[in-house]
Each structure stands twice: as structure tokens, then as C-alpha cells.
Amino acid sequence: MTCYLTNGKHLLFYQSFGTVLLLLSLAAPLALGLGFLGALAKRSAMIGVRQLGQVYVAMVRGIPDIVFFLFVPLMIDQGLEIVRHLTLCPEVTAPIFQGNDFVVCEAAKIPLSSASPWVHSLYGFVLALTAFAIVFGAFAANTLDGALSSVPQAQLETARAYGMRPSQVFWRIQLPQMWSYALPGLANLWQILIKATPLLFLLGIEDIVYWARELGGMKGNRFDYPHPDWRLWYFSALLVFYLGMTWGSEKIFARIQARLAVGQATLAGKGAGV
């Protein structure tokens with residue numbers, strides 16, 4: 001059993017946990033950044049920018065996540081290859097879309113067929129990361145927009161009465177207090193992001209779900225380590241992993257919420273003895 005659990009495929013299985021953690025560590029700040037920009041766009045005084053922010057939030061929130069996760073990587077991949085095809089292969093006059101086929105010249109493909117396997121893996125990961133950031137950025141934008149509106153208007157009016165410019169009111173008064181109202185929604189969004197990581201499997205990335213199914217499935221005598229269907233045990237390990245992630249996240253967000261509530265005009269802030 002020791003030899004079985006330390007063979008090459010199991011080492012890749014263990015590494016795939018790092019892939020999931022890397023996705024979470026990168027997707028969360030990217031989604032938060034896009035969400036912040038989307039919230040500012042929704043509140044912009046410029047009608048064009050405001051409508052753009054509203055369309056972004058409404059479109060992404062109104063489309064099933066799995067559809068968007070499959071659409072965004074394909075759209076970006078084909079868009080880049082079309083641009084490269086028109087730039088690098090102007091002599092090719094054949095149409096790119098030939099029925100159900102998408103045909104570009106060899107030099108336009110991303111990555112190139114001669115690229116190392118790790119380049120293909122990295123490219124797929126970046127496309128998946130982009131999809132996660134766009135989707136969860138829209139949800140974060142809606143959460144942040146609501147949190148900005150929840151800051152007591154009396155405090156904003158007082159700041160303006162003291163002569164603060166609108167930008168000073170936003171950065172010094174509204175934004176610091178907004179996080180106390182936004183954190184519960186962002187915490188829920190983080191939990192949803194954790195649960196969405198198995199979608200990497202649908203995007204062709206060898207994540208923990210891929211390896212759990214691959215290693216746990218029944219293996220006959222032609223394999224080095226034949227065994228019956230062990231998927232229950234492998235997916236039980238994933239269950240423990242995800243439960244541990246969500247439980248630990250709840251504890252961390254509870255401590256952050258308690259710290260942010262100090263001094264705020266909320267029930268949590270009053271309970272902190274302020």
C-alpha cells in the first residue's frame with residue numbers, strides 16, 4: 001500500500017491539491033478587484049460607464065455558471081488565435097470557420113503544438129482562472145455595491161458638511177466602513193468559490209476530481225496495482241478536504257468580522273462594547 005500511495009500518479013494527485021489552492025489564492029483577489037471596479041462602474045455618474053457595470057453584473061449573474069465557465073475559455077482562446085492568424089498568416093485566404101471546424105494556421109495556435117506539456121497546462125489554467133475571476137467578480141460587484149449603500153448616510157453628509165471633497169468622503173469615510181457590511185456576503189462568495197473548484201475538471205485540467213476518478217476507478221490485471229472500484233474512498237478524501245476548507249474559512253472570517261465590527265454602528269459593533 002505504501003508503494004501504491006507513492007507512485008507517480010498519486011504524486012500528481014497530491015500536487016493537484018496545490019493546483020486547487022493556487023486557483024483559490026489567485027481567483028479570490030482577482031474577483032475582488034473586478035468586483036470593486038464593477039461596483040464603482042455601477043455607481044458612476046457617467047451613464048455609459050454605469051450601464052456597462054450594470055450589464056456586466058446582470059449578464060454574468062443571469063447566465064448559469066457552468067455555461068459561462070465553458071464559454072469564457074473558448075471565447076478567449078479562439079479570439080487570440082483569430083488575431084494571431086490574421087497577423088501571422090495573412091497569406092492564408094481560407095475561412096477560419098469551416099462548418100463545425102475552427103481552422104487557423106499552425107503558427108497561430110496557442111500554445112504551439114511544439115510547446116512543452118507544462119505550457120499547455122499553464123495556458124489552460126490561466127483560461128480557467130480568467131473565467132473564475134469574471135464570474136465571481138460579478139457577484140462581488142453586487143455585494144460591494146450593496147455594502148457601499150449600507151454605510152449610514154448621516155456620516156457621509158457630516159463629512160461633506162466639514163468640507164470634504166467627494167473623493168475624500170469615499171476613500172476616508174465610505175470605503176473603510178463598507179467592509180464591515182460587505183464581509184458576510186464576501187465570506188459566502190468565498191465558500192461558493194471553494195465549492196466551484198471541481199469545475200476545473202470540466203475545463204480539462206487534471207485537478208483533484210480528475211485524479212480521484214482516475215485512481216479510484218476499477219483497475220484490471222493489466223495495471224501495476226489492480227484493485228476494485230475505490231472511488232468512494234478517494235471522493236471521501238475530497239469530502240474531508242472541502243469540509244476542512246470551509247470550516248477553517250468560517251473561523252477566519254468570523255475573526256475578521258469581529259475585528260471590523262469594532263467602532264461600527266452595527267449590532268456586532270455594539271456587542272463589542274463600543
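Is Glu-214 buried, partly exposed or exposed? At 25% relative accessibility, Glu-214 counts as partly exposed; buried means under 20% relative accessible area, exposed over 50%, and partly exposed in between (1.4 Å probe, protein chains only).

## Basis

This is a predicted model, in which local features need pLDDT of at least 70, side-chain atom pairs count only at pLDDT 80 or more, and totals for chains, interfaces and linings use all residues. Residues are numbered from 1 along each chain as its sequence is written, and side-chain values use heavy atoms, with hydrogens and water left out.

## Salt bridges

The structure holds five salt bridges, each a side-chain nitrogen of Lys or Arg within 4 Å of a carboxyl oxygen of Asp or Glu. In one of them Glu-214 pairs with Lys-9, the closest N and O atoms being 3.7 Å apart. Lys-9 lies in helix α2 and Glu-214 in helix α8, so the pair ties together parts that are 205 residues apart in sequence. Helices (H or I, at least four residues) are DSSP runs, numbered from the N terminus. Lys-9, at 38% relative accessibility, is partly exposed.

Asp-145 forms a salt bridge with Arg-43, with 3.2 Å between the closest N and O atoms. Asp-145 is buried at 15% relative accessibility, whereas Arg-43 is partly exposed at 36%. Lys-42, Arg-43 and Asp-145 are linked in a network of salt bridges.

## Nonpolar core

The largest nonpolar core has 57 residues. Such a core is a set of buried Ala, Val, Leu, Ile, Met, Phe, Trp, Tyr and Cys residues joined through side-chain atoms within 4.5 Å. Phe-13 and Ile-208 are among those with the most contacts inside the core.

Methods
Helix = DSSP H or I, 4+ residues; strand = E, 2+ residues; numbered from the N terminus.
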